[in-house]
Amino acid sequence: MDAFVPPGIIIRVTTMGDRRRMRIVRAARNGCERAAHGLLFALHATVVLGALAGPMLVLIGTVYRDGAWTVEPWRNIFADATGIARWLVLLRHTAWLALLATAISVTAGAALALVLFKSDARLRVASVALLLLAATVPLYVVAGSMLSIMGKEASLGSIPRAALIHATAYVPIVALVIGMALRSVGADYEELALVEGAGTLRVLMCVTLRMARGGFVAAVVLVVLWTTTDYSVSDVLLVRTFAEEVYTQFPLRGRMQEPALTCVPQAVLFAALFWALRRGFLTGESVEGGAPDVGARRRFAGGRWRWPLSIGAAAVALFLVAGPVVSLVPLLHGSRQFLENARSAHHEILTSIWTSLAAGVITTAVGVGIAWYIVRRSRWRKLLAACIVWMLAFPAPVLGIGLVVLFNRDVWPFDVYDSPAMLVCAYVARFLPVGVILLIPAVRAIPVECELAARVDGCGTAAVWRRVVWPMCLPTALVSMFAVVVLSLGELPCSVIVTPPGWDTIGVRFFGALHSGMYPDAATFCLAAMATVVVPWAGLLILLRRRLFGE
Amino acid sequence: MASRFGFRVPDSKVRCSLARICCLILPPALIGVVGCGRGGGPANAPPREVVVYTALDSAFSKPILEEFSRRTGIRVSPKFDVESTKTVGLANMIRAEKDRPRCDVFWNNEILNTLMLKTEGLLEPCDPPEAANYPEEWKDREKYWYGFAARARVLIVNTELVPAGVRPSSIRDLADPAFRGRTGIAKPLFGTTASHVACLFAAWGPEKATSYLDALKANDIQIHGGNKGCAEAVANGTCAFALTDTDDAIIEVEAGRPVRIVYPDQLGDGPGTLFLPNTVSVVKGAPHPREAFELVNYLLSAEVEKRLAQGPSAQIPLNRTVGPVARVRGPSQIRAMRVDFQAAAAAFDAARRVVETRFLQ
């Protein structure tokens, strides 16, 4: 390839003998490079296609059964009077749950974000650090702690209580997402509005919040997606939603058609939504790195409300982290029983840790390459973006069913179905899109000139990745890996379905115990799960404190 | 370098932090991988293993499986199910895996799904020596399954909400309009409640059983996630009385909650109380048949029966060498409902369809 040579690159002049030798060396090197690139390409293609195989098999299975094409399951769900009546009930409950969870979490999250990211409140660093910790607390831990307060039996069938649990779990993430959007609003527009005579509140409403609407959209989409595809709360509280229907119908009938079909419209809706928004998070200009500098950021003075707001925000952030611990500790019945229960779950804790780490490493290693293809290779961009969007939108329980269908057969050289590799596959398939989305800004921030310079020096694609892309993405790759590890540790809807015998994760063990009520064993598993996620994250925050918060 | 949260960042520290992060992440990863190795046994010999699908709550079954593992050196890989998809989920998993079974032993906490698996040819006969101590009525003549450690289907009544004079005596009282919206059952699609409904279909016939379910629905009966939830709901006063299993009811009684166990349908010509045994069977094509045989034999031992009877679940021993327990009554002490379990297993799917149209909308 005749690459464009940017200014500053030195081209060496060589003799005829040197050229011959160089041709031979280059031919050999090109062969190795092509082979290495081919291998890397094959690896990435395998992971992407593998992650898509489960969902695609499930969808094919809805129309192809016993060697023939059939529309029977479709008729059962969408044409039969009972089927459509049930589907409408599911739609109403799911929509109501998502609406309430979104309203609560976005209202609370936006208020927190405004105080912490747009005001001159005190204790901001501590509060943001607490929010970062709270963001890693798994949903099922929040569910366990809130049910211990509200009472499980008293909450049965209650959509508002289920929504409250979801909302409480998602408030930290929503606050951080909206906070990042608020931070990206430059001071110029706000100053201009203030100079024009607008009041602080009016500037906040008409300028700041309006310019940060992308963050609000992202937060709403995240909450709706997570609420509607999770059944760990709705199953315990017997709230009939699409995800709960999948989880109930699959073990009840032993078939995948009906449960998968109930979720198809929802998956298609989310896929369409993500596709429409893809420029904002996938293929468009990045906020970080590629975006123009927004200059100075304005913080609005809280005046006499400064300290009350500061204490209020810090208290909420503290509650989100410490609340589960405070509510669960009284259920432990003493440290001796706690230690006994924790010891009985040590295998589950270790399984959770190493499967999540494996998923994090695989996702990040492959995610850098996929992000590079999306950023640098326009002909692959749309296809890969479509794959990422589809993986992101596909409901987790149906993905679990797909993985069971995919691996429960004799065609595989390794017995994946009986091994914890099922868990790793589930985590990779679920969180690969998250890893890619986090890595895209880092890849986009690499100057093209660096890659061109490497190519001029004789590097092929594989060498460019090894010498330029991976080293320059390393900090973000580590953050991405940690995010995937945290998400995997908290994963439940897929792992409950795919967990092989003897390889329960701590989440799966807790989910089983939770159905019997919040007893000492359930509280122990809950706290152990929380410690597994939060303690490493706290350590990482301490190590990265200067990078994240400055001196 | 820009800070993510609007604070200053010293760029020179990043590299140092990254090295520390690697140091933080890699050792736990290695420990995790090494610590999770299943290991055990001589280096060249494959470890002995048995895979068991168990519908009995993990709190009760796990200690027994661990004890078996400790004594025999056979590693047990259990798969437990969740209260909300009790038993049926595991049975359907065995069906889904029939072409390449991975489960060796199915420890079911009821009997009908075991019978259905036998009818479908998914079980294998075995003849453990300990089975000789069980009465003929609790084991299969063709040696496909063995029943042990039974539980009774009882009414748990809140003594503060329901005075002595008006206490229920029959499962029909769940449809009593005087207690509208204050009675409860577990989700009748799974577990022993689904088995109980199928038994009613076999004993009463489909019409009578269906009208009974309609009456329950019309009485706004509370549906709980499991039998444990029913017992808790009665204990905390959410429910006046509910249908549950003895193992869930006895925990509330012994915890000093204001509840009482009523063995239903004992008065007059009532049909009696339904007893459902745990059943254990070997799956056809089990990858570890020898180990499966050893586990089945161990589960049928008098020691396990005693342990389950004396434990918090107070299961009712069926082994002839184990005497009755004082905490709960067995089929020899009260009138037991006479059910043709084979007919009930045959009615299971029909009962499920009726339940689904009424309770899963």
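Predicted model: local features only at pLDDT ≥ 70, side-chain atom pairs only at ≥ 80, totals over all residues.
Residues are numbered from 1 along each chain as its sequence is written, chains are lettered from A and ligands numbered from 1 in the order in which they are written, and side-chain values use heavy atoms, leaving out hydrogens and water.

**Around helix α5 of chain A**

- Of the 12 residues of α5(A), 10 are buried, so the helix is largely enclosed by the rest of the structure. Buried means under 20% relative accessible area, exposed over 50%, and partly exposed in between (1.4 Å probe, protein chains only).
- The buried residues of α5(A) include Leu139(A), Tyr140(A), Gly144(A) and Met150(A).
- Their packing partners in chain A are α6 (159-183), α10 (232-236), α14 (306-328), α21 (461-489), α23 (506-514) and α24 (520-543).
- Just after α5(A) comes Gly151(A), with a positive phi of about 90°.

**Chain A as a whole**

- Chain A holds 25 helices and two strands. Helices (H or I, at least four residues) and strands (E, at least two) are DSSP runs, numbered from the N terminus.
- Its radius of gyration is 25 Å, close to the 24 Å that the globule rule gives for 551 residues, so chain A is as compact as a globular protein of that length. The radius is taken over C-alpha atoms, and the rule is 2.2 Å times the number of residues to the power 0.38.
- Along the principal axes, the C-alpha atoms of chain A fill a box of roughly 85 × 75 × 55 Å.
- Buried residues account for 55% of the 551 in chain A.
- For chain A contacts (heavy atoms within 4.5 Å) between residues at least 6 apart in sequence, 83% join residues at least 24 apart.

**A look at Asn341(A)**

- Asn341(A) sits in helix α15 (residues 335-344) of chain A, and is buried, with a relative accessible area of 14%.
- Not counting residues up to four places away in sequence, Asn341(A) touches Pro520(A), Asp521(A), Thr524(A) and Phe525(A).

**Chain B as a whole**

- Of the chain B contacts between residues at least 6 apart in sequence, 75% join residues at least 24 apart.

- Arg153(B) belongs to strand β5 (residues 145-158) of chain B and counts as buried at 0% relative accessibility.
- Arg153(B) and Thr244(B) are 91 residues apart in sequence, with their C-alpha atoms 5.7 Å apart in space.
- Beyond its neighbours within four places in sequence, Arg153(B) has contacts that include Thr192(B), His196(B), Asn227(B), Thr244(B) and Asp245(B).
- Phe201(B) lies in helix α5 (residues 191-204) of chain B and is buried, with a relative accessible area of 6%.
- Leaving aside neighbours within four places in sequence, Phe201(B) is in contact with residues including Pro206(B), Leu213(B), Ala347(B) and Val354(B).
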